[in-house]
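Work through the exercises below with the sequence and the structure in view. Each task is followed by a solution in steps.

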Amino acid sequence: MSQSDSDSSSYGGEYKNFRQISRDRLLQEMLRSAKTGDSKSIWKVLIMDKLTVKIMSYSCKMADITDEGVSLVEDIYRRRQPLPSMDAIYFIQPSKENVIMLLSDMSGRTPLYRKAFVFFSSPISRELVNLIKKDTTVLPRIVALKEMNFEYFAIDSQGFITNNERALEELFGDEMNSRQAAMCLNVMATRIATVFASLREYPNVRYRAAKSLDATTMTTFRDLIPTKLAAGVWDCLMKYKSLPNFPQTETCELLILDRSVDQITPVIHEWTYDAMCHDLLNLEGNKYVHEVPGKTNGPPEKKEVLLEDHDPVWLELRHAHIADASERLHEKMTSFIAKNRAAQIQHGSRDGGELSTRDLQKMVQALPQYSEQIDKLSLHVEIAGKINRTIRESGLRELGQLEQDLVFGDAGMKDVIKFLTTKEDTARENKLRLLMILAAIYPEKFEGEKGLNIMKLAKLPEEDMNAVHNLRLLGGSSDTKKSSTGAFSLKFDMHKKKRAARKERTGEQETWQLSRFYPMIEELVEKLGKGELPKDDYPCLNDPSQTFHGTSNTAAVNPAPAAHSMRSKRTHTWARPRNSDDGYSSDSVLRHASSDFKKMGQRIFVFIVGGATRSELRVCHKLTTKLKREVVLGSTSIDDPPQFITKLKMLSAEYELSIDDLQI
């Protein structure tokens, strides 16, 4: 088995981001390599399984694949038409079933294809290699047999998932099956390791150590999830060290966490355009369906659009605060009208008053010669309008303010009770999310009768109570001894009426109302980047002085910084100076990206077991600019709040639900 020597690392030559390298490997190292050697047919068939077709679709467009000489894409498990004059490229998992299908296709007097180029998504066992070698009719027809070591979905330019949708249930569930959990971690470790094989990166493997509260507390399987996963990834990396061009010394950082590190981020309202789209609109993945005017004055037609990186407006605005995104869209529309003479004439016939964004949208739609330019802008005006209406109609600003005040210790139990009694028409899901934040900060308030009384006050059914109770399985125990909130184990004073689950950040001006909340990984990754992450709490497997369970003979690289001082209160505003560059909007990252990428330091990878959020992905983009190091987020899945809550309910044995109900 070999891995081809294409230069897919960022060292030497032009810097490429995570997704670009992933795309290049599939197109150049795999598809393009099939054009050379003993290959007479120009067009080829690409055969994949259910997993590899998703791997390919996240990294490449169909046009990219066609450009590399692929005329047909097939499913290995479907009955296929024989094409004996064409060569086939197999991109498949190294499973026994797939190898048997490959041998069936290529054996006998009349194989389905002339020759086969075979690429496995992860390392193949010796047993399966011998099975292929045994078939003497097939062997001469195999031109290439390689391990691509590519078994992850590149969901973002700086993000990937391992597609372990059931990880939360299998690893944190009430009735966890230890064999199933071990298999889940094994698949996860293999897939994470292929990320480093693909990028030719050898990481320092850091992980969140299990914390025993005292000598009488037994460490559970859940406590050891990051430890076990780190060991699994390490084992895979040791096998990769024999690959061509694989570095022998550390080139990057990997930090392994699980969802218990931060239980608030998956349910709190995130106010960026991307997060609001996925939270408030009924999107299918990244697909948005809207109505467009029908042809020749016919009825409106439904049109599907993908909110992805190829859309420049989406790319610019996705990490912007929703109020900022709305302002910028209005400015773009106004600018377009101002530059367009025909539009000015049309505008001149009006009363000269200032136009609303909706008026501008209608005006521009009447200019067919600019339809392609304006389609995307008009689409985002419509989406932002829908979001802003939902925010108004649902009273989300007031709820969002209470959520953030709770997290920063500016509000407490009384404020939540007041909200629930005065805002009875608040949507059920929003009340549940508020109570989940409350439970993460005040777990003792949900013990026994207390919890039932709060749920009765909120008028929430028992199945919603399951979601709140199941937070304890992620480390938010109802045992008051365990009232820490994740990464920093904030020691709460149980007698204090108000507690803070976050410290205020110094040196960062809050430019938009409801933007002061930040996910825990922001502080963790920043400390890691500065060498300030304590090695006792986050041991390194590469360090010979570390023991397996994370006790360390070495102190932290640097002493922990002093606690942040609370900054003075300031009046919130829904607007900000136009020249502010807070890293909150994606264009602030993009503005610096082209120049900064050339001077980038070592990459930082952070992997979260149990699902990551869009706000955590945004933070990775923000920190890339701040640290001048590409920060890549990995997880078992990307979950929006409704999906996370559904998965949390599934942790209870009595709550049975198919994963298909998640609408992922």
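A residue counts as buried when its relative accessible area is under 20%, and as exposed when that area is over 50%. The model used here is predicted.

**Exercise 1. State how many residues of helix H20 (residues 520-529) are buried, and what they pack against.**

Step 1. List the buried residues of H20: Met-520, Ile-521, Glu-522, Glu-523, Leu-524, Val-525, Glu-526, Lys-527 and Leu-528.

Step 2. Compare with the length of the helix. Nine of the ten residues of H20 are buried, so the rest of the structure largely encloses this helix.

Step 3. Look just past the helix, where Gly-531 has a positive phi of about 75 degrees.

**Exercise 2. Determine how the buried residues of helix H18 (residues 448-458) are arranged around its axis.**

Step 1. Pick out the buried residues of H18, which are Gly-451, Ile-454, Met-455 and Ala-458.

Step 2. Look down the axis of H18: the buried residues fall within an arc of 95 degrees, so they line one face of the helix.

Step 3. Recall the general rule: an α-helix has 3.6 residues a turn, so residues three or four places apart point the same way.

Step 4. Check the other side of H18, where Gly-448, Glu-449 and Lys-456 are exposed.

Step 5. Name the cover. The elements over the buried residues of H18 include helices H16 (413-422), H17 (428-441) and H19 (462-469).

**Exercise 3. Describe the packing of H19 and helix H23 (residues 641-649).**

Step 1. Take the two quantities required: two packed helices are described by the angle between their axes and the distance between the axes.

Step 2. Read off both for this pair. The axes of H19 and H23 come within 8 Å and cross at roughly 90 degrees.

Step 3. Classify the angle: H19 is therefore roughly perpendicular to H23.

Step 4. Identify the contact residues. H19 contributes Glu-463, Asp-464 and Ala-467, and H23 contributes Ile-645, Leu-648 and Lys-649.

**Exercise 4. Report the confidence of the model.**

Step 1. Start with the whole protein: the average pLDDT is 82, and 77% of the residues score at least 70.

Key. Residues numbered from 1 in each chain as written. Predicted model: local features only at pLDDT ≥ 70, side-chain atom pairs only at ≥ 80, totals over all residues. Heavy atoms only, no water. pLDDT = per-residue confidence, 0-100. Buried < 20%, exposed > 50% of the residue type's maximum accessible area, 1.4 Å probe, protein only. Helix = DSSP H or I, 4+ residues; strand = E, 2+ residues; numbered from the N terminus. Arc of directions from axis to C-beta. Contact = heavy atoms within 4.5 Å. Axes fitted to C-alpha atoms, helices over the stretch in contact; angles between N-to-C directions. Parallel < 35°, antiparallel > 145°, perpendicular 65-115°, else oblique.
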